[in-house]
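Q: I am new to this structure. Please show me how to read its features, one at a time.

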Amino acid sequence: MTPRSDVIVVGAGVVGLASALALLERGRSVHLVDAGRIGGGSSHGNCGTLTPSHAGPLYAPGMITKAMGWMLTPDAPFYVKPSADPALWQWMMQFARRCNTRDWQRAAQARAAILNASRTAFPEWMQRYGFDCRFSEGGADTVFRDAREMDAYVAQLPALAELGVASEVIDAAEYHRQEPALREGIVGAVRYPGDAHLRPDRYVAELARAVRERGGTIEEHNEARVLTAHGDGMRVTTADGARDARDVLLAAGAWSPLMAKALGMRWLRNAIQPGKGYSITYSRPGLAPKRPLTLHERKVCVTVWEDGFRLGSTMEFSGYDATLNRRRLAALERASAEYLHEPVGADKQEEWYGWRPLSWDDTPIIGPAPGLGQVWLATGHGMLGVSMSPATGRLVAELMTGDETHIDPAPYAPSRFA
């Protein structure tokens, strides 16, 4: 007999697991399937920062000019590999159209709402579920070596303040007194006291533990291949047979567009592109930063835990190219060496790449799939899946159970693409 649950979640990354946990808390039975291992995608190798400060979308006035200059540099922070893929260029055209103040503000409001809700929820989640994932609320800093870049950045802080994101501008002399890990040449920093961080691989493992303890089932290495209506519900045909449920939640991150044809959602193929990111994890250096850092000019993130040190970021559009680009890894280390006295730890523990699901309006896609009744979506979180996970999970559960939502779901509705 085919197993049946209230909800099948396709994807056991941070968003799928958070959604499953929220559904279980509302009394739904949940079965997760994943083509790989739990948290094996971008949920694993990101820098683990929880950043309402990143409410502003990637696109902004002037971004096109900057991106065009970067396109000829393979190790630049934003790189587009030459491609004839029409879906990529359609996505790029939609992205480019939004590089204006009005669209930036609209996206920033939606992103801030879900980021702030998640940031508020994290401490309660840590306590309620007993998560052991190196959670810290010490804030995060963005540091600068170019005065003009800093001036332009600081000019945007009032817009973030209107979205509930507090900040503090620190001059170079004071910052060096506070943070001896930084080399000379820093012109200043912006601190976001409301930001936090955790160890993402441990967070995902703890989410999976909590899901299982509450009766959820997780199948790893079992690819979902076809979704079809079946009786009064849905059937997911997997590599290991059929799984039935009343509803299906697609939370497959950057792999969501690959299922678009099977789901009858061709629009999803055009709405999301995989943005490839890289990270390197080391043992902790002797002189390590006290808080997570963004090295602004190089667009590199530095995160330090008790048991590790990670350099990460970059945005590469190269489809699902599964090669580890050593030039881009080296760029992370070069950037760190520009800013830090001890740019790497003594032991290199992991080199990683993964794909982030980027919608062309840089806003998550959360809600019912247009015209598909019992299919729901939670994807398109870009680089902020961890940061947005508690509020995403809660919103998914509220929508699927018909409860009043804690944030306005309209900005995230999939119908905006269809």
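A: Start with strand pairing: two strands pair if DSSP finds at least two bridges between them. Helices (H or I, at least four residues) and strands (E, at least two) are DSSP runs, numbered from the N terminus. Here strand 18 and strand 19 (residues 375-379) run antiparallel, joined by four bridges. I366 has A378 in strand 19 as its bridge partner. The two strands make a hairpin with six residues between them, and G371 in the turn has a positive phi of about 75 degrees.

Q: What should I know about the model itself?
A: It is a predicted model: local features need pLDDT of at least 70, side-chain atom pairs count only at pLDDT 80 or more, and totals for chains, interfaces and linings use all residues. Residues are numbered from 1 along each chain as its sequence is written, and side-chain values use heavy atoms, with hydrogens and water left out.

Q: Which residues other than glycine have a positive phi near 55 degrees?
A: Most residues other than glycine have a negative phi. H221 has a positive one, near 55 degrees. K299 also has a positive phi near 55 degrees. H221 sits in the loop between strand 9 (217-219) and strand 10 (224-230). K299 sits in the loop between strand 14 (293-295) and strand 15 (300-305).

Q: Is H221 buried or exposed?
A: Buried means under 20% relative accessible area, exposed over 50%, partly exposed in between (1.4 Å probe, protein chains only). H221 has 60% relative accessibility, so it counts as exposed. K299 has 28%, so it counts as partly exposed.

Q: How do I read an aromatic pair?
A: Two things describe it: the distance of the centres and the angle of the planes. Rings of Phe, Tyr and Trp (its six-membered ring) pair if their centres lie within 6.5 Å; planes under 30 degrees apart count as stacked, over 60 as edge-to-face and the rest as tilted. This structure holds 17 such pairs. Take Y278 and Y353: their centres are 6.5 Å apart and their planes at 50 degrees, so the pair is tilted. Y278 is in strand 13 (residues 272-282) and Y353 in strand 17 (residues 348-359), 75 residues apart. Y278 is buried, at 1% relative accessibility. Y353 is partly exposed, at 23%.

Q: Which pair is edge-to-face?
A: W360 and F417 form one, at 4.8 Å centre to centre and 80 degrees between the planes. W360 lies in the loop between strand 17 and strand 18 (365-368), and F417 in the segment after helix 13 (385-401), so the pair ties together parts 57 residues apart in sequence. Both residues are buried.

Q: What lies over the face of Y353?
A: A charge sits over a ring if NZ of Lys or CZ of Arg is within 6 Å of the ring centre and within 35 degrees of the ring normal. K276 lies over Y353, at 4.6 Å from the ring centre. R145 lies over the face of Y339, at 5.6 Å.

Q: Which residues touch the most other members of the largest nonpolar core?
A: In soluble globular proteins, nonpolar side chains tend to be buried together. A nonpolar core is a set of buried Ala, Val, Leu, Ile, Met, Phe, Trp, Tyr and Cys residues joined through side-chain atoms within 4.5 Å. The largest core has 64 residues; L17, L32, F131 and Y203 touch the most other members. Helix 5 (residues 101-129) gives the largest share, eleven residues.
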